[in-house]
Amino acid sequence: MKVQITTVKMPDTGFLRLPEVLTFIPISKSTWWDGIQKGKFPKGIKLTAGVTAWKVEDIRKLIEEFSHQEAA
């Protein structure tokens, strides 16, 4: 059986919606929202009443922080 691996590239700038964020940080939605409440993850920006997005730069910084924690 042949398995196709898809590599998702994060844009250089802009905003990411939660499903996109979770492709780079593989955790559950509830863990993500809990992390925001506890100050572990960046707060999103409300684009409309039902739409929240995160700056790409904030997500890159968070991933970098995770990398440093794993290396320690």
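**Salt bridges in the predicted model**

Asp 34 is partly exposed, having a relative accessible area of 33%, and this value, like the others below, is computed from a predicted model. The side chain of Asp 34 meets that of Lys 38 in a salt bridge, with 3.1 Å from N to O. Lys 38 counts as exposed, because its relative accessible area is 55% and the cut-off for that class is over 50%.

Side chains of opposite charge can pair when their charged atoms come close.

Which residues are linked in a network of salt bridges? They are Lys 9, Asp 12 and Arg 60, and Asp 12 is the residue that takes part in both pairings, meeting Lys 9 at 4.0 Å, N to O, and Arg 60 at 3.9 Å, again N to O. The pairing of Arg 60 with Asp 12 ties together parts that are 48 residues apart in sequence, because Arg 60 lies in helix α3, which covers residues 56-71, whereas Asp 12 sits in the segment before β1 (15-17).

Arg 60, with a relative accessible area of 35%, is partly exposed, a class that lies between under 20% for buried and over 50% for exposed.

Definitions and conventions. Residues are numbered from 1 along each chain as its sequence is written. This is a predicted model: local features need pLDDT of at least 70, side-chain atom pairs count only at pLDDT 80 or more; totals for chains, interfaces and linings use all residues. Side-chain values use heavy atoms; hydrogens and water are left out. Helices (H or I, at least four residues) and strands (E, at least two) are DSSP runs, numbered from the N terminus. Buried means under 20% relative accessible area, exposed over 50%, partly exposed in between (1.4 Å probe, protein chains only).
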